[in-house]
Amino acid sequence: MSIFDELESGVQSYARSFPRTFHRAQGEFLYDDAGNKYLDFLAGAGTLNYGHNHPVFKEALLEYIQADGITHGLDMHTRSKEAFLTAFAEKILKPRNLDYVVQFTGPTGTNAVEAAMKLARKVTGRTDVIAFTNGFHGVSLGSLAATGNSHHRGGAGISLSGVSRLPYDGYFDSNMDTTEYLDKVLGDGSSGVDLPAAVIVETVQGEGGINAASFDWLKNLEVVCRKYDILLIIDDIQAGCGRTGTFFSFEEAGIKPDIVTLSKSLSGYGLPFAVTLFRPELDQWQPGEHNGTFRGNNLAFVTAKAAIDLYWSDNRFAENIKKKSLYTANRLKNIAEHNGADTLTPKGRGMFCGIDCVDGELAGNITRNCFNNGMIIETSGPEDQVVKLLSPLIISEQNLKDGLDIIENAFAEECAGGKRAGTGSREKKSINNLFRVAS
Ligand code: PLP
């Protein structure tokens with residue numbers, strides 16, 4: 001029996017899909033201790049947009065450690081925090097005309113979401129937050145209340161309160177704009193829907209099945225928020241840091257959220273790091289009112305600054321992501337067409353994409369087939385029915401092609417004739433939020 005089976009809690013999940021012991025990683029590749037090499041199309045669930053152990057970030061980190069730079073600094077001012085904030089202000093916020101203050105929260109995504117929802121409630125004096133079907137915002141209790149998935153919600157052990165649920169864009173098989181519903185019920189004093197403090201939304205739902213909201217829907221949501229003085233929180237933890245083609249996933253929609261959460265790829269190196277951004281007027285925290293020991297991961301400040309300097313000083317990286325996105329979108333379209341366009345639907349935006357197989361068993365067979373052929377790739381969605389592509393954004397064109405070849409072969413093999421999984425109805429639903437190809 002391995003030490004993992006003996007000692008580690010059964011709560012582990014990715015380890016079940018990829019039962020190997022990994023020991024080395026570089027760029028878009030992971031290596032196991034038997035010497036096998038895997039193309040990483042999971043990328044730390046969206047944490048490794050710049051790949052594993054990026055040599056430039058690693059050098060900055062090693063230099064910093066060698067010089068006895070601060071590792072842990074609570075929320076004290078340090079040179080590395082100053083350098084990160086300066087780069088973030090100059091290269092991310094100002095060019096996008098975004099006037100936000102930065103709150104360093106605890107180091108993981110759910111910490112940023114907790115801070116965002118707590119602040120919205122504090123500032124507005126209202127309790128309710130509106131979240132969306134298939135939304136995922138983390139599993140600590142406040143965030144979990146906003147998360148839709150019943151498997152995760154079931155682990156709460158107490159009632160999850162303070163959140164109301166609204167259908168996300170494309171939730172119905174019609175062209176219904178669900179923001180119209182929100183507008184209607186908020187304007188109706190007898191609807192029974194209380195005025196919320198905030199709306200929290202992902203522009204592309206990652207865990208919920210790669211559902212990409214249309215820009216029109218996001219714009220309409222912003223209009224409703226402004227009309228009723230509700231704070232708009234964009235949870236950009238998975239969709240941000242370039243995944244959809246721009247630093248923030250909401251840029252192309254032309255909206256300006258009141259509050260934004262970022263984590264995952266923010267450190268650039270897989271180091272734990274999260275921030276909540278908000279308009280300066282909303283900064284009504286008392287000193288230390290919302291705190292946490294690990295709000296000053298200075299190693300992450302160093303690598304995050306290096307990532308901003310290297311990739312976000314000009315438009316080249318964004319252009320490169322767009323090019324790869326278009327190539328990927330076309331390949332996914334072809335895969336669907338050749339293997340049952342009646343039941344397979346490519347979806348997503350930018351390099352945040354996948355194929356909805358309707359059937360979770362089929363999607364699982366496809367990711368297992370990919371794993372057997374040297375690729376780490378996962379599923380998402382309520383039935384785990386979406387094969388989800390999250391390759392590092394820095395992946396070379398050749399490796400992207402090779403990866404898509406592995407996926408294409410897996411679909412061809414698993415969809416061939418009688419090998420299709422599932423016995424129930426696999427009729428394709430009319431999925432409205434299909435591929436939003438980068439403009
Ligand atoms: N919000 C979104 C959109 C996410 O995708 C995730 C994680 O997948 C979270 C929040 C929670 O982040 P963490 O798992 O780091 O707490």
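The legends below describe views of a predicted model, from the whole chain to individual side-chain pairs.

**View 1. Overall fold of the predicted protein.** The secondary structure comprises 14 helices and 18 strands. The radius of gyration is 21 Å, close to the 22 Å that the globule rule gives for 439 residues, so the protein is as compact as a globular protein of that length. The C-alpha trace spans about 65 × 60 × 45 Å along its principal axes. In the whole structure, 21 salt bridges are found.

**View 2. The two assigned domains.** According to the domain assignment, domain 1 consists of residues 3–54 + 315–438, and domain 2 covers residues 57–311. A distance of 25 Å separates the C-alpha centres of domain 1 and domain 2.

**View 3. The interface between domain 1 and domain 2.** Contacts involve 38 residues of domain 1 and 40 residues of domain 2. Together the two domains bury an area of about 3,300 Å², with carbon and sulfur atoms giving 48% of this area. On the side of domain 1, the residues that lose the most area to domain 2 are Tyr50, Arg349 and Phe352, which together make up 25% of what that side buries.

View 4. The elements that give two or more residues to the side of domain 1 touching domain 2 are the helices α3 (43–46) and α12 (316–340) and the strands β13 (345–349), β14 (352–356) and β17 (386–389). Helix α12 gives the most, with four residues. By class, this side of domain 1 has 17 nonpolar, 15 polar and six charged residues. Three salt bridges are found across the interface of the two domains.

**View 5. The salt bridge of lysine 322 and glutamate 252.** The side chains of lysine 322 and glutamate 252 meet in a salt bridge, with an N to O distance of 3.9 Å.

**View 6. The salt bridge of arginine 20 and aspartate 32.** Arginine 20 pairs with aspartate 32 in a salt bridge whose closest N and O atoms are 3.9 Å apart. The two residues are 12 residues apart, and the pair links distant parts of the chain. Arginine 20 belongs to the loop between α2 (14–17) and β1 (22–26), whereas aspartate 32 lies in strand β2 (residues 29–32).

Note on methods: Residues numbered from 1 in each chain as written. Predicted model: local features only at pLDDT ≥ 70, side-chain atom pairs only at ≥ 80, totals over all residues. Heavy atoms only, no water. Domains from an automatic or database assignment. Contact = heavy atoms within 4.5 Å. Buried area = accessible area lost by both parts, 1.4 Å probe. Salt bridge = Lys/Arg side-chain N within 4 Å of Asp/Glu carboxyl O. Nonpolar A, V, L, I, M, F, W, Y, C, P; charged D, E, K, R; others polar. Rg over C-alpha atoms; globule rule 2.2 N^0.38 Å.
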